[in-house]
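Please read them with the structure open.

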Amino acid sequence: DVTEIEEKEAQAKEEEQIMKEQELSNLLHEKRYLKALGLAISLDRPHTVLMVIKAILKEPEGRRHLQENIVRLRKDQKEAVLAFLVTWNTNSRNCHEAQAVMETLLKHEAPDTLLQFSGIKSAVESLLPYT
């Protein structure tokens, strides 16, 4: 019978999730946006990533800070943000943030690099009607 072991593993995962969420909250409070973005992406939380981006844009010189943070993300993180912003762009409340992130990606990534992103073709096809 392995139910006890499975329950302990599930409880450990749940505790780890709670710890990460608390860390994310602390990072946002401390305005450590790059780490907050990375953690939200790793938790696969598109809404949280959007909230971090909104917080960055509310700062003085928010566009510049957004660019600095997006540029410093790893390729896989940029791919995840691209996938998230496709959904954000379809909602008029979030389209401005999506456009700001997309502008940063287009300005700071070479076209050849962008073409290597996974899902880039479907992302562009989904973005065109709303952009």
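1. Start with helix 2 (residues 33-42) and helix 3 (residues 46-58) of this predicted model. They pack at an angle of about 165°, and their axes lie 8 Å apart. Angles over 145 degrees count as roughly antiparallel, so helix 2 is roughly antiparallel to helix 3. The crossing of the two is left-handed.

2. Which residues of helix 2 and helix 3 meet? Helix 2 brings Tyr 33, Ala 36, Leu 37, Ala 40 and Ile 41. Helix 3 answers with Thr 48, Val 49, Val 52, Ile 53, Ala 55 and Ile 56. By class, this contact has ten nonpolar residues, one polar and no charged.

3. Look at Val 49 next. Setting aside neighbours within four places in sequence, Val 49 is in contact with Leu 37, Ala 40 and Ile 41, and also with Val 81, Phe 84 and Trp 88.

4. The largest nonpolar core has 34 residues. Val 49 is one of those touching the most other members, along with Leu 37, Leu 82, Leu 85, Trp 88 and Val 101. Helices 1, 2, 3, 4, 5, 6 and 8 each supply at least two residues of this core. Helix 5 gives the largest share, seven residues.

5. Helix 5 (75-88) also packs on helix 6 (95-108). The angle is about 145°, with the axes 9 Å apart. This crossing is left-handed.

6. From helix 5, Lys 78, Val 81, Leu 82, Leu 85 and Trp 88 meet Cys 95, Ala 98, Val 101, Met 102 and Leu 105 of helix 6. The contact divides into nine nonpolar residues, no polar and one charged.

Terms used:
Residues numbered from 1 in each chain as written. Predicted model: local features only at pLDDT ≥ 70, side-chain atom pairs only at ≥ 80, totals over all residues. Heavy atoms only, no water. Axes fitted to C-alpha atoms, helices over the stretch in contact; angles between N-to-C directions. Helix = DSSP H or I, 4+ residues; strand = E, 2+ residues; numbered from the N terminus. Parallel < 35°, antiparallel > 145°, perpendicular 65-115°, else oblique. Left-handed = near helix turned anticlockwise from the far one by under 90°. Contact = heavy atoms within 4.5 Å. Nonpolar A, V, L, I, M, F, W, Y, C, P; charged D, E, K, R; others polar. Core = buried A, V, L, I, M, F, W, Y, C linked by side-chain atoms within 4.5 Å. Buried < 20%, exposed > 50% of the residue type's maximum accessible area, 1.4 Å probe, protein only.
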